[in-house]
Amino acid sequence: MEPLSQKSLERIVSQRALQIGSSFPCQICVVGFLCGVCLTSLFLAALTSIGSFELGGISFSAISMGVSPGTSSSEVIRRTSILSQWKQRRLRDLQTQNDRNDDEKVSLLYSAWSAMLNEDGEYLKHLRLTGYSVPKAPHLENCKLTAQVNQRLDKRSENESFPPWAGWKGLLDMHPAATSNEQLRYSRLKAVSEGAYPPWVTGSDDENYPLTRKVQRDIWFHQHPLNCSDPGVRFLVADWDRLPGFGSGAQLAGMFGLLAISMTEKRVLVSNYYNRADHDGCLSRSSWSCYFFPETSQECRDRAFELLGSEEAWKSGIITAKENYTSEKIWTARTPKIWGDPWSYLQPTTDVNGSLLAHHHRMDLRWWRAQAVRYFMRFPTDYTCGLLNGARHVIFGKKAAKMVRKSLNNEWPKGCSAVESGGHCYRPRPFQDQKSLHCGGGKRLPPTYPRERELQIRDQGFGKGEGEDKTKMEIADPPSSGIEEYVWSSHKPWVPRLLLSMHVRMGDKSCEMKVVEFEEYVHLAQRLRKRFPQLNSVWLSTEMQEVIDKSKSYSDWNFYHTNVTRQEGNMSMANYEASLGREISTNNALVNFLLAAEADFFIGALGSTWCFLIDGMRNTGGKVMAGYLSVNKDRFW
């Protein structure tokens, strides 16, 4: 009976279990349990599908990461933590690789710009790039095109009495609509005849020294008579000063005195031998026109040099030379009274020792030299433009390449446009010795890696020599739209903004003015930053290596400078320039001057003639209201 009773009990239990299992709540629980089992299986499969990997020198495999039935929960947590750390490291490695790829593409773009700047088509082909495929370099200027535009603006239009100053700005004046519009042509001539102002003055009268635009117009017309062969046209012919110890600033100041004399005596000033241009880099050797447009027309130059051989012209006073005037008269030449005394209401924008300088007894000289330097440097030549391009490329080129690369995302280079090696795009190596690339000159440097080119600096300094054959290769710009070609082309080359220019003059200048340590210049820069907190870029020009060394200790400022050899100790400026060589010293000085003139702010020493002239260039270039922080006064004030 006992076995029968047990079977009956089992049958009753089975029937009861079947009834319970058939109920809806029970079915839900079973399904939930099975889903949990499936999810757990999937997680363990993912955990063990990694294969083998290495972390911190310890090798892990899929088998060891598997979770066996006897694995404790703490062991599962430990292994999960290891996997998480490995994934984080892998993400960091991928990010590092992406950054490396970006750096290599930046280097490729920089090298391509270098090749185009050097007109090196072979190297560009080596990179499997063309001029059309390379993005425009925002920090470089089309020098040939700019020179063509400026040449047109610096002479009278054909069969006209006036230059085309009242036309549309920049290349817009060459737009087909401008050249074919007779009404525009009539309006332009009418505007010029009634007093249109020259295009090399930026800004309004309020943004420049008083009457700057009118004065520049009047000087140009004085220096460009309609008929240079007219018997009534008289000339003053003068070499540039080249006495021992005369720096570039002193030479300019002397020539500006002669310009004042020629304006007063109604003579056309013709400059002759310029010793700083007496080098192989200049096609217009020994002439101011190597660096800037000449002060008068070629017709007047030819006529003046013709009269130099005429005894009658000397006797009648049609022609005079610098030797007809004493040094005192040249250096203290009275400012022409043609425009009254506009210097009497100069805006007080110069800060010395924390106070605005409103008046001093050399205000007329300051005003006149500013007008004269603006006129003499109104248009840089193709050669000077090339020097500026070279300087900006060496100093700002990598920064510009990063900026352009970021704006293009992954659009450039398309695919593997560079030389392929091992299935990867060829990547130019970073240069081993960036500092050896002289912005101020030196021998042409070989690339540190045969497949890469940085900007190669020729003997004369910053770029291709004026006399070098530039026709061996032409790299065309990529096709552009109308607004790019005619409108945006008028914008100046890019430099980091806001940009502060700081000219630190020390060395032998201590015999002429109070010399201030570099720390005082930085103190003035900090004053500027309190008002303009976004300011962190400084263009530093100085002859002293000590200043360059000290600038490296200010990590919160970005100092930029040309990489020429600088002097140690109190070497005289004449000996220092001689050690650099005429070509490098002149190129370096003028590049620093022009970049300082274009900066947003300026800190210098008014006791330095060079600073004095930089200030004048800025005050006739629309930057009066930027002000000027000076560490001292002019020694004659």
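This is a predicted model: local features need pLDDT of at least 70, side-chain atom pairs count only at pLDDT 80 or more; totals for chains, interfaces and linings use all residues.
Tutor: Residues are numbered from 1 along each chain as its sequence is written, and side-chain values use heavy atoms, with hydrogens and water left out.

Student: Why are H10 and H21 called oblique to each other?

Tutor: The axes of helix H10 (residues 248-264) and helix H21 (residues 609-619) cross at roughly 60° and come within 8 Å. Axes are lines fitted to C-alpha atoms, for helices over the stretch in contact, and angles run from 0 to 180 degrees between N-to-C directions. Angles under 35 degrees count as roughly parallel, over 145 as roughly antiparallel, 65 to 115 as roughly perpendicular and the rest as oblique. H10 and H21 are therefore oblique.

Student: What makes the contact of H10 with H21, and how do its residues divide into nonpolar, polar and charged?

Tutor: Contact means heavy atoms within 4.5 Å. Ser 248, Gly 249, Ala 250, Leu 252 and Phe 256 of H10 meet Thr 609, Trp 610 and Leu 613 of H21. Five of these residues are nonpolar, three polar and none charged. Ala, Val, Leu, Ile, Met, Phe, Trp, Tyr, Cys and Pro count as nonpolar, Asp, Glu, Lys and Arg as charged, and the others, Gly among them, as polar.

Student: Why are H15 and H20 described with another term, roughly perpendicular?

Tutor: For helix H15 (residues 382-408) and helix H20 (residues 582-598), the axes come within 10 Å and cross at roughly 80°. That angle falls in the perpendicular range, so the two helices are roughly perpendicular to each other. Their contact has seven nonpolar, two polar and two charged residues.

Student: Why is strand S4 said to be largely enclosed by the rest of the structure?

Tutor: Buried means under 20% relative accessible area, exposed over 50%, and partly exposed in between, with a 1.4 Å probe and protein chains only. Five of the five residues of S4 (residues 267-271) are buried, so S4 is largely enclosed. Arg 267, Leu 269 and Ser 271 point one way, and Val 268 and Val 270 the other way.

Student: How do you know that strand S3 and S4 pair?

Tutor: Two strands pair if DSSP finds at least two bridges between them. Five bridges join S3 (residues 234-238) to S4, and the strands run parallel. Leu 236 has Leu 269 of S4 as its bridge partner.

Student: What makes H21 mostly covered?

Tutor: In H21, 11 of its 11 residues are buried, including Trp 610, Asp 615 and Arg 618.

Methods. Helices (H or I, at least four residues) and strands (E, at least two) are DSSP runs, numbered from the N terminus.
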